[in-house]
Amino acid sequence: MRQAQPSVSPMSNEARNSYVIGQITSALIGLLRTKTIEEVSISELCAAAGVGRASFYRNFDSKEAVLQRQDEALVRRWQKDYDAAKARDEAAGREPENLMVSLLMHYKAHREFYAAVYRNDRAILRDTILRICGPQEDDQNIWAYTKAFIAYGIYGTVCTWMDRGMTESAEELAALMRQNQEKAQN
């Protein structure tokens with residue numbers, strides 16, 4: 001009797017795992033176009049992703065964790081790009097790009113993902129903004145309060161912008177906010 005050769009994937013474990021995570025993330029974003037996260041079952045998500053439940057639970061403990069991990073990955077890339085651009089601008093003697101404008105551009109560039117996050121787990125947006133520009137444990141009180149004011153202002157602005165369909169560009173929204181700030185100072 002002739003035995004068949006075992007089927008072995010040419011991908012490394014890391015590559016397979018990355019593939020599975022990508023499939024699950026893409027499938028969840030697709031399902032969230034028409035459903036809430038509560039309406040999506042793990043079985044439905046796994047079927048849409050073409051992976052088994054064991055693969056899901058090996059990588060995530062909840063559907064919300066899928067969104068959280070993707071947000072963290074996107075924000076890490078954004079932060080790296082923002083820091084590099086800021087360093088280039090400063091080295092060239094130019095004013096660095098405004099952090100809020102850069103963050104808004106990031107949200108708009110990943111609009112589909114962040115719209116799904118906004119509809120299903122706004123705490124991810126809030127926590128990300130607080131990590132980026134919110135108060136830190138070692139801040140003096142005045143800086144902690146100032147950073148909290150700014151971070152929650154950005155969060156509120158992002159939520160309102162998303163509610164209204166993200167029609168303005170990041171630059172237009174920042175200009176509107178500057179105009180309002182100038183009016184408030186007068």
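The following dialogue explains how several descriptions of this predicted model are reached.

Colleague: Which pair of residues has C-alpha atoms separated by 46 Å?

Modeller: The pair is S41 and R88, which stand 47 residues apart along the chain. S41 belongs to the loop between α1 (13-31) and α2 (42-49).

Colleague: Why is S41 called partly exposed?

Modeller: Buried means under 20% relative accessible area and exposed means over 50%. S41 has 34%, which lies between these limits, and therefore counts as partly exposed.

Colleague: How do you know that R33 and E112 form a salt bridge?

Modeller: The rule requires a side-chain nitrogen of Lys or Arg within 4 Å of a carboxyl oxygen of Asp or Glu. For R33 and E112 the N to O distance is 2.4 Å, so the pair meets the rule.

Colleague: Are R33 and E112 exposed or partly exposed?

Modeller: R33 has 56% relative accessibility and therefore counts as exposed. E112 has a relative accessible area of 40% and is partly exposed.

Colleague: What is the N to O distance in the salt bridge of K35 and E44?

Modeller: The side chains of K35 and E44 meet at 2.5 Å, N to O. K35 has 29% relative accessibility and counts as partly exposed. E44, at 25%, also counts as partly exposed.

Colleague: What makes D71 and R131 a salt bridge?

Modeller: Their closest N and O atoms are 4.0 Å apart, and the pair is counted as a salt bridge because the cut-off is within 4 Å. D71 lies in helix α4 and R131 in helix α7, 60 residues apart, and the pair links distant parts of the chain.

Colleague: Why is D71 called buried?

Modeller: D71 has 0% relative accessibility, which is under the 20% limit, so D71 counts as buried.

Colleague: How many salt bridges does the rule give?

Modeller: The count comes to six salt bridges. In general, side chains of opposite charge can pair when their charged atoms come close.

Colleague: How do you know that the span of helix α7 is close to the one expected?

Modeller: Helix α7, residues 122-133, has 12 residues and reaches 17 Å from its first C-alpha to its last. At 1.5 Å a residue, 16 Å is expected, and the two values are close.

Colleague: Which residues of α7 are buried, and which helices do they pack against?

Modeller: The buried residues are I124, L125, T128, I129, L130, I132 and C133. They pack against α4 (63-91), α5 (99-109), α6 (111-120) and α8 (141-163).

Colleague: What share of the 186 residues in the chain is buried?

Modeller: Buried residues make up 36% of them. The chain exposes about 11,900 Å², of which carbon and sulfur atoms supply 50%.

Note on methods. Residues numbered from 1 in each chain as written. Predicted model: local features only at pLDDT ≥ 70, side-chain atom pairs only at ≥ 80, totals over all residues. Heavy atoms only, no water. Helix = DSSP H or I, 4+ residues; strand = E, 2+ residues; numbered from the N terminus. Buried < 20%, exposed > 50% of the residue type's maximum accessible area, 1.4 Å probe, protein only. Expected span 1.5 Å × (residues − 1). Contact = heavy atoms within 4.5 Å. Areas by Shrake-Rupley, 256 points an atom, 1.4 Å probe, with all protein chains shown as cover.
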